[in-house]
2 protein chains.
Amino acid sequence: MRLFTATVVVSAGLICSYDVPAKTFSEIITASASRDWRAVDDNNTLYLSLSSGLVVIELAPQFAPHHVANIKTLAQEGYYDGLAILRSQDNYVVQWADPAADTSAAKPVKKAKRNLDAEYTVKYDAAFAFTPLPDVDGYASIVGHSNGFAAARDPNDKTTWLTHCYGAVGVSRGSADNSGDGTSLYVVTGHAPRHLDRNITVVGRVLIGMEWLSSLPRGSGALGFYSDTSQYVPINTVKLATELTATQRLSLEVLRTDSATFSTAIESLRNRTAEWYKRPAGHVELCNVNVPVRQR
Amino acid sequence: MRLFTATVVVSAGLICSYDVPAKTFSEIITASASRDWRAVDDNNTLYLSLSSGLVVIELAPQFAPHHVANIKTLAQEGYYDGLAILRSQDNYVVQWADPAADTSAAKPVKKAKRNLDAEYTVKYDAAFAFTPLPDVDGYASIVGHSNGFAAARDPNDKTTWLTHCYGAVGVSRGSADNSGDGTSLYVVTGHAPRHLDRNITVVGRVLIGMEWLSSLPRGSGALGFYSDTSQYVPINTVKLATELTATQRLSLEVLRTDSATFSTAIESLRNRTAEWYKRPAGHVELCNVNVPVRQR
């Protein structure tokens with residue numbers, strides 16, 4: 001491990017400068033305190049069950065309250081159970097929906113709403129959680145993290161939005177702004193398509209199980225849709241965590257992005273000190289920050 | 001399709017302004033002329049054959065001449081044939097090597113060299129191809145494209161380097177700068193890990209077949225290595241294209257990144273005009289530009 005020189009106050013009035021080992025990201029996370037973590041809110045967490053494995057999605061109601069509410073209603077009425085992943089486009093997204101959505105055999109929606117107004121951005125005020133990154137971003141004037149989610153802000157109109165980083169979950173729509181409702185969702189599985197930011201409603205992110213989505217065979221049809229319907233990947237169930245028994249739930253925690261530990265961890269990504277690295281980047285791009293998740 | 005207003009000289013001295021349809025990226029590529037494309041150089045192209053499919057890699061000798069020469073020697077002496085992909089780390093890289101590399105059963109290297117000096121950057125001069133992007137980048141002061149490859153520059157010391165975008169191919173190494181030689185290579189399969197730029201030698205990019213690498217099951221061991229050796233993905237052969245028969249080769253072409261067509265295509269990514277998009281980004285990040293490849 002390489003050393004860097006730090007100036008540390010060791011007692012009142014006495015400042016000394018000496019070499020200390022700069023910790024790596026994983027060392028910082030390992031050394032974190034329990035207060036640096038928050039429990040994932042079961043009331044805003046979906047468990048998507050595939051035959052290959054479990055995908056856990058945390059929803060962010062503060063960014064898209066109506067869409068999140070509708071998605072929870074859809075999960076609670078069993079809408080997603082038995083649907084399928086229909087699309088896997090390389091370096092872009094997977095998407096699921098009702099394969100019969102456009103036919104007379106479409107699965108009916110019960111209590112949930114259809115065609116919600118867009119929630120591409122929301123207004124923020126001083127109380128809205130946000131920890132900015134120190135670095136420039138090409139797609140927004142300010143980027144950072146809000147309660148564990150990668151997000152951006154426009155201070156001119158006081159709007160904020162979730163960004164399309166790897167693992168972001170969004171609401172598929174047609175050309176009309178209000179053509180999405182949560183009956184079809186997508187997950188980013190490639191390099192962050194940030195040009196989608198503020199063009200489509202993002203509702204949360206995958207906490208664990210990304211590999212079951214990202215490693216799916218790519219579809220050979222246009223936009224990565226499976227042209228062979230035998231390739232559809234069945235969704236067994238999508239349950240809100242509160243519907244599961246205690247033993248079925250994972251006790252997940254997310255690192256608090258408003259903690260000093262997170263800020264230290266960010267700096268360890270901006271300037272990596274592990275011996276392997278020869279030249280610190282002096283920068284970390286928003287979507288290169290993977291906010292840690294652990295099982296309690 | 002949305003319209004924008006363009007000012008066009010329609011005859012000498014007459015300028016008129018009227019609404020014209022702004023073309024999308026794919027429309028621009030479809031309308032390109034044959035002079036906008038260059039043939040891929042078979043002398044710098046590797047055909048990696050997996051049982052699932054073919055991966056074609058274009059090497060960039062102008063950025064890493066000694067490593068590219070060594071990799072070509074390794075391919076020509078059959079070093080890679082029968083090796084395996086040992087690692088698939090989600091949202092990061094796949095990596096191949098000799099599974100027995102650290103044992104007495106290691107496959108011998110014949111004419112190729114071991115442990116080359118790093119080629120993290122090279123010097124550029126006025127003749128070195130480069131088309132800059134107009135937009136800010138967090139990891140380098142200037143980014144753009146050089147002969148089809150995503151690259152960056154530091155005008156202060158006149159160095160340039162290939163960037164770690166999706167599909168970039170690099171030379172694995174240990175902690176020492178000169179511990180890489182091409183016997184083990186990696187390919188970026190996730191969000192661009194640009195912090196690796198200038199820390200490791202990049203030698204080229206995947207032109208076609210990324211899906212055979214990106215969709216591999218993720219390894220459960222540390223760093224995504226397959227802990228179960230039965231998961232190793234055999235590499236049948238890696239051949240330099242010039243070693244193949246004419247019928248075995250694909251006639252691939254890459255869009256010229258110094259063409260006006262490419263500049264127009266970049267602008268169509270910066271400000272997308274398809275009806276679906278509601279808010280143009282006004283920006284395109286280097287690794288969101290997929291330089292088109294086609295079969296002649």
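## Between the chains

Between chain A and chain B there are 0 salt bridges (a salt bridge is a side-chain nitrogen of Lys or Arg within 4 Å of a carboxyl oxygen of Asp or Glu). Polar contacts are another matter: 30 residue pairs make them across the two chains, both residues at pLDDT 80 or more. A polar contact here is a pair of N or O atoms within 3.5 Å; within protein, one must be able to donate a hydrogen and the other to accept it, and residues adjacent in sequence count only if both atoms are side-chain atoms. By class, the side of chain A that touches chain B holds 17 nonpolar, 12 polar and 12 charged residues. Ala, Val, Leu, Ile, Met, Phe, Trp, Tyr, Cys and Pro count as nonpolar, Asp, Glu, Lys and Arg as charged, and the others, Gly among them, as polar.

## Reading this model

This is a predicted model, in which local features need pLDDT of at least 70 and side-chain atom pairs count only at pLDDT 80 or more, while totals for chains, interfaces and linings use all residues. Residues are numbered from 1 along each chain as its sequence is written, chains are lettered from A and ligands numbered from 1 in the order in which they are written, and side-chain values use heavy atoms, with hydrogens and water left out.

## How the two copies meet

The contact (heavy atoms within 4.5 Å) takes 41 residues from chain A and 41 residues from chain B. Together the chains bury about 3700 Å², with 51% of it on carbon and sulfur atoms; buried area is the accessible area (1.4 Å probe) that two parts lose on being put together, summed over both. In chain A, the residues that lose the most area to chain B are A:His191, A:Trp276 and A:Arg279, together 20% of what that side buries. Of the interface residues of chain A, 100% are also interface residues in chain B, so the copies meet through the same surface.

Let us look at A:Ser214, which sits in helix α3 (residues 210-214) of chain A. Helices (H or I, at least four residues) and strands (E, at least two) are DSSP runs, numbered from the N terminus. A:Ser214 is buried, with a relative accessible area of 1%; buried means under 20%, exposed over 50%, and partly exposed in between (1.4 Å probe, protein chains only). The side chain of A:Ser214 makes a polar contact of 3.4 Å with the side chain of B:Arg218. Beyond four places in sequence, A:Ser214 touches residues including A:Tyr166, B:Asp90 and B:Ser215.

B:Ser215 lies in the loop between α3 (210-214) and β16 (233-240) of chain B, and is buried at 17% relative accessible area. A polar atom of the B:Ser215 side chain is 2.6 Å from the backbone oxygen of B:Glu211. Not counting residues up to four places away in sequence, B:Ser215 touches A:Ser214, A:Ser215, A:Leu216, A:Pro217 and A:Arg218.

## Buried spots within each chain

In chain B, strand β5 (residues 54-59) contains B:Glu58. Is B:Glu58 buried or exposed? B:Glu58 is buried, with a relative accessible area of 4%, and a polar contact of 2.9 Å joins its side chain to that of B:Arg38. Other residues in contact with B:Glu58 include B:Phe149, B:Val203 and B:Val254.

Helix α4 (residues 260-270) of chain B also has buried residues, among them B:Phe262, B:Ile266 and B:Leu269. The cover over the buried residues of this helix includes α1 (25-30), β10 (142-146) and β17 (252-255) of chain B. Over in chain A, A:Leu133 is in the loop between β9 (131-132) and β10 (142-146) and counts as buried at 9% relative accessibility. The neighbours that A:Leu133 touches include A:Val143, A:Ile266 and A:Leu286.

## Positive phi angles

Most residues other than glycine have a negative phi. A:Arg198 has a phi near 65°, a positive value; this residue is in the loop between β14 (185-188) and β15 (202-208) of chain A and is buried, at 15% relative accessible area. B:Asn147 has a positive phi too, near 55°. B:Asn147 is found in the loop between β10 and β11 (149-154) of chain B and is partly exposed, at 35%.
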